[in-house]
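Here is a short note for a colleague who is opening this structure for the first time. Please keep the model in view while reading the points below.

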Amino acid sequence: MSLVDDARAVRENAYAPYSNFKVGAAIRATSGTVHLGVNVENVAYPEGTCAEAGAIAAMIAAGDAEIAEVAVIADSPVPVSPCGGCRQKLAEFGKGDVRVTLATTDGKTRQTTLAELLPGAFDRHQMDRA
Ligand code: THU
């Protein structure tokens, strides 16, 4: 099963009663283990969380902390674009050349990388004088 297939399967479990926009995310860690996440909305809208954040939380809880590959899928006309906050969250745990596959449920895909998603990322070395 590909990482997109993993994201597609978990997407079914998303909790998105307010937007009706279900998103699934799958992260393969450098250990080889795949960690899954979905968006989890809340009646207090800003409390909702994205699928990518859920997959990162699952990865950290499982004891992995280095991303090897990412897949995100939604029922969108074009492959869904991770929000700015999720780009920063993903960048925390993966090198710039990590492959990210963005997919639609009807089979369109866009290949990108963490560096392309977040050019000029703020990273820990910018705090070297602190
Ligand atoms: N969403 C994600 O989970 N990931 C993305 O990459 C884009 C947006 C969610 C947040 C919210 O639950 C719904 O999609 C609509 O914005």
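**Ligand site, sheet and helices**

1. Start with the ligand. The residues around it are Ser19, Phe21, Val23, Asn39, Glu41, Cys50, Ala51, Glu52, Ser81 and Pro82. A residue is listed here if one of its heavy atoms lies within 4 Å of the molecule.

2. A word on the source. This is a predicted model, where local features need pLDDT of at least 70, side-chain atom pairs count only at pLDDT 80 or more, and totals for chains, interfaces and linings use all residues. Residues are numbered from 1 along each chain as its sequence is written, and side-chain values use heavy atoms, with hydrogens and water left out.

3. The side chain of asparagine 39 has an N or O atom 3.0 Å from a ligand oxygen. For glutamate 41 the distance is 2.6 Å. Glutamate 52 places a polar side-chain atom 2.6 Å from an oxygen atom of the ligand. Alone, the ligand exposes 370 Å², and the protein buries 77% of that. These accessible areas come from the Shrake-Rupley method with a 1.4 Å probe; for residues, only the protein chains shown count as cover.

4. Now the sheet. It is open and has five strands, in the order β2-β1-β3-β4-β5, with mixed pairing. The edge strands, β2 (34-38) and β5 (109-113), each pair on one side only. From one strand to the next, the twist averages 15 degrees. Strands (E, at least two residues) and helices (H or I, at least four) are DSSP runs, numbered from the N terminus. Two strands pair if DSSP finds at least two bridges between them.

5. Strand β1 (23-29) is mostly covered: six of its seven residues are buried. Buried means under 20% relative accessible area, exposed over 50%, and partly exposed in between (1.4 Å probe, protein chains only). β1 pairs with β2 in the antiparallel sense over five bridges. Glycine 24 has valine 38 as its bridge partner in β2. The two strands form a hairpin with four residues between them, and glycine 32 in the turn has a positive phi of about 100 degrees.

6. β1 also pairs with β3, antiparallel, over seven bridges. Valine 23, one of the residues around the ligand, has alanine 74 as its bridge partner in β3. In β4, the partner of alanine 74 is threonine 104. Strands β3 (residues 67-74) and β4 (residues 94-104) run parallel over seven bridges.

7. Is threonine 104 buried or exposed? It counts as buried because its relative accessibility is 0%. Beyond its neighbours within four places in sequence, threonine 104 contacts Arg8, Ile73, Ala74, Ser76, Pro77, Val78 and Pro79. Contact means heavy atoms within 4.5 Å.

8. Last, the helices. α1 (residues 3-11) lies across β1, β2, β3 and β4, at about 140 degrees to β1. α3 (residues 84-93) lies across β1, β3 and β4, at about 135 degrees to β4. Axes are lines fitted to C-alpha atoms, for helices over the stretch in contact, and angles run from 0 to 180 degrees between N-to-C directions. In α2 (residues 51-61), the buried residues include Ala51 and Glu52. The buried residues of α2 pack against β1, β2, β3 and α3.

Note on methods: Polar contact = N/O pair within 3.5 Å; in protein donor to acceptor, adjacent residues only side chain to side chain.
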